[in-house]
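Keep the sequence and the 3D view side by side. The paragraphs below go from the whole chain to single residues.

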Amino acid sequence: EDDDGYLVEGSLTIHIGMQLDEFIPKNPASSIMLKLFDDEKSADIVFEICDQQKAESESDGKGAKISTAKILYHAHRLILQHYSPELCALCTSSDGITPIIITDVKPEVFRHLLYYVYGGEISDEEYVDNEKDLINAADKYGITNLKLEAEVWYVDNKQITIDNVIDNLLYADARNCALLKETVMDFIVENKEKVMQQVSFQDVPGEVCKDLLAAVSRYYFDFPSIDDDDDETTSTYSNMRIRDLREKLSDKGLDIDGSREALIASLKGHSYK
């Protein structure tokens, strides 16, 4: 047979062509943005964070707070305008020199908040140290992505038990943490006998009943997923997982934060347009 010159004196000759990818530098925008974090020279806003707990512990014994409990962070209006409208609103009357006083967030938590706004990432260790504080601060100042990221971390790393199920339910309801609430409801349904015997629902608001019914439906019935090709004006969103609701809202460019009812209402409202 014709070997086309590949077989020479009993040896097979193989020609291999390799193409190496050329080095392409990354877009420097994210690293440039991160370098602006707490950059005093370019900043036009100053926040003064008062650590009340530290001030009280370091008081002079007469209840007087001392200046070492105040920490300054520098920021930029333009960046805050796009990432945290609530923080930006505090800057409306600021002259850029006089600090804006923040008293309801720990200094280290506020630092993580700003660091995230400038493109930084929160480590697992920092979540461990500040779990709910990060959710609370991100919720208060409208940094939605950080709130949801912190909520996912909390759900993935905190175990729901009979002892803490109501505390987690009340917290999720108060902060509109729909994923955490869904996780708590799943736990209640899966452990219904123990919950009925050992848990009091006296302090639980009545509006959580819909979330509980959705959890019961998911547990006992197998609902098909809703694809993009389905008629979303008639599809039932009420049995979808929070992650699926948020993903659909994100794909449509809609707000992904809020209660289960709010997320469903937003999807239905968009479908009718």
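What does the accessible surface of the protein chain come to, and what share of it belongs to carbon and sulfur atoms? The surface comes to about 17,200 Å², and 50% of it belongs to carbon and sulfur atoms. Accessible areas come from the Shrake-Rupley method with a 1.4 Å probe; for residues, only the protein chains shown count as cover.

This is a predicted model: local features need pLDDT of at least 70, side-chain atom pairs count only at pLDDT 80 or more, and totals for chains, interfaces and linings use all residues. Residues are numbered from 1 along each chain as its sequence is written, and side-chain values use heavy atoms, with hydrogens and water left out.

Start with the whole chain. Its secondary structure comes to 13 helices and five strands. Helices (H or I, at least four residues) and strands (E, at least two) are DSSP runs, numbered from the N terminus. Of the 273 residues, 37% count as buried. Buried means under 20% relative accessible area, exposed over 50%, and partly exposed in between (1.4 Å probe, protein chains only). Now take contacts, meaning heavy atoms within 4.5 Å. Among those with a separation of 6 or more, 63% are between residues 24 or more positions apart.

Go next to the surface near the start of the numbering. L12, I14, I16, M18 and L20 make a nonpolar surface patch of about 670 Å². Patches are made of residues with over 30% relative accessible area and no salt bridge; like charges are joined within 9 Å, nonpolar side chains (Val, Leu, Ile, Met, Phe, Trp, Tyr) within 5 Å. I16 sits in the loop between β2 (11–12) and α1 (29–35). I16 counts as exposed because its relative accessible area is 68%.

Helix α5 (residues 107–117) is mostly covered. Eight of its eleven residues are buried. They are P107, V109, F110, H112, L113, L114, Y116 and V117. After α5 comes G119, with a positive phi near 100°.

E108 also lies in α5. Is E108 buried or partly exposed? E108 counts as partly exposed, because its relative accessibility is 35%.

Move on to helix α8 (residues 165–175), which holds L170. At 30% relative accessibility, L170 is partly exposed. Which residues does L170 touch, not counting those up to four places away in sequence? They are D203, V204 and P205. The C-alpha atoms of L170 and V204 are 6.7 Å apart, although the two residues are 34 residues apart along the chain.

Now the salt bridges. A salt bridge is a side-chain nitrogen of Lys or Arg within 4 Å of a carboxyl oxygen of Asp or Glu. By this rule there are 16. One network of them links D173, K181, E182, D186, D211, R241 and R260.

Take K181 as the way in. Its side chain meets that of D173 in a salt bridge (2.8 Å, N to O). K181 also forms a salt bridge with D211, with the closest N and O atoms 3.8 Å apart. K181 counts as buried because its relative accessibility is 8%. D211 is buried too, with a relative accessible area of 12%.

D186 is another member of the network. This residue is found in helix α9 (residues 178–190). Why does D186 count as buried? Its relative accessibility is 13%. Leaving aside neighbours within four places in sequence, D186 is in contact with A215, R218 and R241.

Finish with one more pair. E193 forms a salt bridge with K192, the closest N and O atoms being 3.9 Å apart. E193 is partly exposed, with a relative accessible area of 46%. K192 is partly exposed as well, at 28%.
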